[in-house]
Every structure is written in structure tokens, then in C-alpha cells.
Amino acid sequence: MKVLVIGGGGREHALAWKLAQSPKVQCVYVAPGNGGTASDARLENVAITEPEALADFAQREKVALTVVGPEAPLSQGVVDVFLARGLRIFGPTKAAAQLESSKAFSKAFMQRHGIPTARSQTFSDAAAAHAYVEQQGAPIVVKADGLAAGKGVVVAMGERAAHEAIDTMLDGSALGVLHNEGGARVVIEEYLDGEEASFIVMVDGEHVVALATSQDHKRLRDGDEGPNTGGMGAYSPAPVVTPNLHARVMNEIIKPTVAGMRKDGVPFSGFLYAGLMIDADGNPRTLEFNTRLGDPEAQPILMRLKSDLFDVLMAATDGALDQVELQWDRSFALGVVMAAAGYPQAPQKGAVIKGVPAPADDLMVFHAGTAWDGQRLSVSGGRVLCVTALGVTIKAAQQRAYDGLVGIRFDGAQYRTDIGYRALLRK
């Protein structure tokens with residue numbers, strides 16, 4: 001069987017790496033891929049990104065299964081294009097992907113279906129948004145309505161930062177926000193205190209299978225300081241998600257979301273990611289939805305997955321996830337992101353990367369913003385690598401990941417030294 005993975009980041013490298021392990025898969029195409037997928041003999045990069053051209057390729061090469069990694073192709077309707085041609089693809093339609101591509105759509109959906117989330121209002125008028133901030137005070141959260149590559153959220157601890165975020169997001173150019181139909185909008189919501197966790201499931205339109213729990217580290221620097229990023233590291237499982245909390249999230253958030261989308265005439269298939277805030281009393285609320293596998297959560301999650309991912313995705317696209325039970329390695333997995341100089345505001349590209357360790361049973365370096373020209377590896381994006389390791393304890397996984405990272409060199413490399421600290425505090 002031939003498989004196509006759409007995307008070029010660390011999540012897509014992890015998906016392709018895992019799919020290539022299936023005895024039923026002869027070739028995994030990655031479109032467009034990166035330096036890591038280019039240098040793996042089991043994977044083949046394809047320089048195509050446009051939805052119709054991707055569907056042409058899948059038909060021409062008789063691709064048996066396509067899986068979509070990032071949010072941009074989903075919001076462009078790549079799944080709709082494939083389905084219209086009778087091609088098997090895992091991911092939500094353009095309409096269903098609005099759960100991520102439009103914060104305003106997502107908040108209205110949650111309010112309509114009684115899904116626990118922060119109080120919020122949506123604005124297209126800057127003056128009204130500024131007045132709301134003055135009325136509510138700080139801390140307060142400002143979100144761009146459209147996609148912004150994980151950087152469209154400002155947690156403003158003071159009113160000045162909130163006002164600046166409103167102006168920046170309604171302009172949009174500084175963040176590269178992709179505005180939705182109707183123009184620029186911001187969602188302003190109450191600040192929620194607590195501990196974040198990533199709760200990711202697979203959905204086939206009706207049935208749900210939960211993936212292993214995980215926790216992301218959004219801030220650039222140690223101790224959760226600095227600007228928000230797309231994610232500087234993650235680990236799995238997340239001790240904050242107890243069995244009781246897991247059941248509550250499934251019953252109060254995930255299942256009502258899947259049922260609500262069906263009721264609204266927009267059935268959801270694909271990876272559904274609920275970003276949660278768990279308060280001091282253990283109550284979960286939904287910060288946001290993503291309609292894809294998380295990055296960097298995908299890397300440690302897929303390191304732990306023992307089931308054949310190809311079989312699981314085929315069942316999902318057959319509407320048969322109720323017949324799937326996932327098998328997991330009992331080890332902990334932890335991934336540390338290495339980012340480019342200047343990330344997240346202005347990542348600097350072109351630096352030569354050296355010292356990447358070879359894959360091992362307990363260590364894998366997943367590539368994201370890298371390019372391979374046949375001779376050398378170089379930085380081509382903001383988040384560059386995710387050094388991911390397994391260990392019998394969270395401490396052992398952390399130590400193995402940082403041992404694997406220590407020899408990797410490129411100019412201006414940034415990484416946190418405390419990935420996994422919240423799990424260690426719980427020990």
C-alpha cells in the first residue's frame with residue numbers, strides 16, 4: 001500500500017515515520033516534507049501543496065490512504081477535494097475544520113452546545129474591543145479569529161498588552177493571521193488559571209478513540225516565561241489527566257462536541273485536539289480546539305503507540321473506530337524542541353545543522369524546519385527539530401532526550417531545559 005502524508009513539520013515526520021513501520025505499507029509520500037523525511041529511505045518527499053494537485057498525485061500513484069497533518073490544508077478544503085474524487089483521506093472537511101480555523105465559530109459552537117469554556121465576546125471593531133478590555137480589566141486573553149500558526153493568542157497580564165494585541169491582530173500583518181470571511185476579528189475571553197493539558201482523540205464522524213494523554217509547553221523560555229510559541233516540547237502521559245478527569249473530559253467535552261457537530265450537520269472526522277485548562281479543583285474547561293494532531297505532542301504520543309497506525313487510520317476512514325483498541329508502550333516519552341534564532345517573532349533561516357544522532361529504539365529526532373540538499377542539513381523554519389526519547393520514568397525520558405540533544409549544533413539554537421517539569425513536580 002502507498003500512503004500520503006500532507007505537511008512538512010515535525011508532526012508529519014512523526015506520522016510518516018510511524019506509518020512506514022507498518023508491514024502493509026510499501027511507500028510513504030510526504031508533501032512537501034522536510035530535511036528529515038528527505039533523508040529517510042522509507043519516505044519520499046513530493047513538492048506539492050495545492051489541494052487539487054495533491055488529489056491528482058494520489059490518483060496517479062494509486063495512494064491507498066492520505067492523512068492530513070497541519071491546519072492550513074484543512075482550512076483550504078483538501079479533504080473535500082479528495083472525498084469528491086472518492087479518495088480515502090483522514091481529516092475534517094473545510095466546514096468541520098472551522099472548529100480550529102475560526103475561534104469565533106468555535107466559541108459560538110461551545111456556548112451553543114454547553115461545552116465548558118471561558119466566557120468570551122467576539123469583535124471586529126477595535127474601539128468596541130478596547131472598551132471591553134477596559135470594562136473587564138486584566139489578566140485577559142486576546143485571540144485572533146483566523147489561523148496564525150499557533151501564535152495568535154496573547155495572554156495579557158496587563159491592559160496595555162491586551163490593547164496592543166487587539167491592534168496587532170485586527171491588522172494581522174505582523175502575525176501573518178489568515179483572516180476568515182467577513183474580515184479580521186478578535187475573540188476576547190476571561191483568563192483561566194490552572195494547568196494546561198492536551199487531550200487528543202480520533203473521530204470517524206461518530207465514534208471516538210482517545211490517544212495517550214500529553215502536555216505541551218507553549219512558552220519560549222524555562223519556567224513558562226517569554227512569548228507563546230507553537231510549542232517548545234511535550235511529554236506523554238500527562239499525570240494531571242487522572243482516570244477520573246479523563247472520563248469527565250470524554251463525557252463533558254469530547255462526546256458533546258462530536259454529537260454537536262453531527263447535530264449541526266457538520267460531522268467531524270479526523271484528529272480532534274482539545275486544549276484544556278484544569279483548575280485547582282480539577283475541573284476541565286476548553287481553551288481551544290485544534291482539528292489535527294498536536295505538534296509537538298504527536299512526537300511523544302507516536303513514540304509510545306504500539307498499534308499499527310495504518311490499520312487504525314483505515315478503520316477510522318471506514319467509520320469503524322468502535323472496533324479499535326489502541327496499544328501503548330508503558331514508558332514515558334518526552335520531546336524537546338530546538339528552535340531557530342529569532343523564533344517566534346522572526347526566525348533566522350539558513351544555519352547549517354550538525355550532530356543529529358542516529359535513531360535508536362529509545363531516541364528519535366523528528367525534523368520540522370529543516371532542509372536537505374543532498375549534502376547538508378540546514379534550518380528552514382522556526383521550530384527546527386524535536387528530540388524525542390522514551391524512558392521508564394519521566395525523569396529517565398527527560399535525561400535521554402537532553403543527552404540526545406547535547407551534540408546537535410546550529411547557530412542561534414534555542415531550547416528549554418525544563419521540559420517535563422510539571423510532571424516531575426507531581427512525583
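Visitor: How many of the 10 residues of strand 10 are buried?

Guide: First, a word on the model: it is predicted, with local features needing pLDDT of at least 70 and side-chain atom pairs counting only at pLDDT 80 or more, while totals for chains, interfaces and linings use all residues. Residues are numbered from 1 along each chain as its sequence is written, and side-chain values use heavy atoms, leaving out hydrogens and water. Strand 10 spans residues 195-204 and is mostly covered; helices (H or I, at least four residues) and strands (E, at least two) are DSSP runs, numbered from the N terminus. With buried meaning under 20% relative accessible area (1.4 Å probe, protein chains only), the count for strand 10 is nine.

Visitor: Which residue is the bridge partner of F199 in strand 16?

Guide: Strand 10 and strand 16 (residues 269-278) run antiparallel, joined by 10 bridges. Two strands pair if DSSP finds at least two bridges between them. Within strand 16, the partner of F199 is A274.

Visitor: And which residue in the turn between strand 10 and strand 11 has a positive phi?

Guide: Strand 11 covers residues 208-210 and runs antiparallel to strand 10, with three bridges joining them. V201 stands opposite A210 there. The two strands form a hairpin with three residues between them, and the turn residue with a positive phi of about 105° is G205.

Visitor: Is S214 buried or exposed?

Guide: S214 sits in the loop between strand 11 and strand 12 (215-216). Beyond its neighbours within four places in sequence, S214 is in contact (heavy atoms within 4.5 Å) with residues including A197, Y235 and E297. Its relative accessibility is 0%, so S214 counts as buried.

Visitor: Which residue in strand 3 stands opposite V28?

Guide: Strand 2 (residues 27-32) pairs with strand 3 in the parallel sense, over three bridges. Opposite V28 stands L43.

Visitor: What is the relative accessible area of P51?

Guide: P51 has its place in helix 3. Leaving aside neighbours within four places in sequence, P51 is in contact with Q76, V78, V81 and F82. P51 is buried, and its relative accessible area is 10%.

Visitor: Now helix 12: which residue caps its N-terminal end?

Guide: Helix 12 (residues 309-317) is mostly covered, with seven of its nine residues buried. At the N-terminal end, a side-chain oxygen lies 2.9 Å from the backbone nitrogen of F310. The residue providing that cap is D308.

Visitor: At roughly what angle do the axes of helix 1 and helix 12 cross?

Guide: Axes are lines fitted to C-alpha atoms, for helices over the stretch in contact, and angles run from 0 to 180 degrees between N-to-C directions. Helix 1 (residues 10-19) and helix 12 have axes that come within 8 Å. The contact is made by L15, K18 and L19 of helix 1 and L309, F310 and L313 of helix 12. The crossing angle is roughly 105°.

Methods:
Buried means under 20% relative accessible area, exposed over 50%, partly exposed in between (1.4 Å probe, protein chains only). A polar contact is a pair of N or O atoms within 3.5 Å; within protein, one must be able to donate a hydrogen and the other to accept it, and residues adjacent in sequence count only if both atoms are side-chain atoms.
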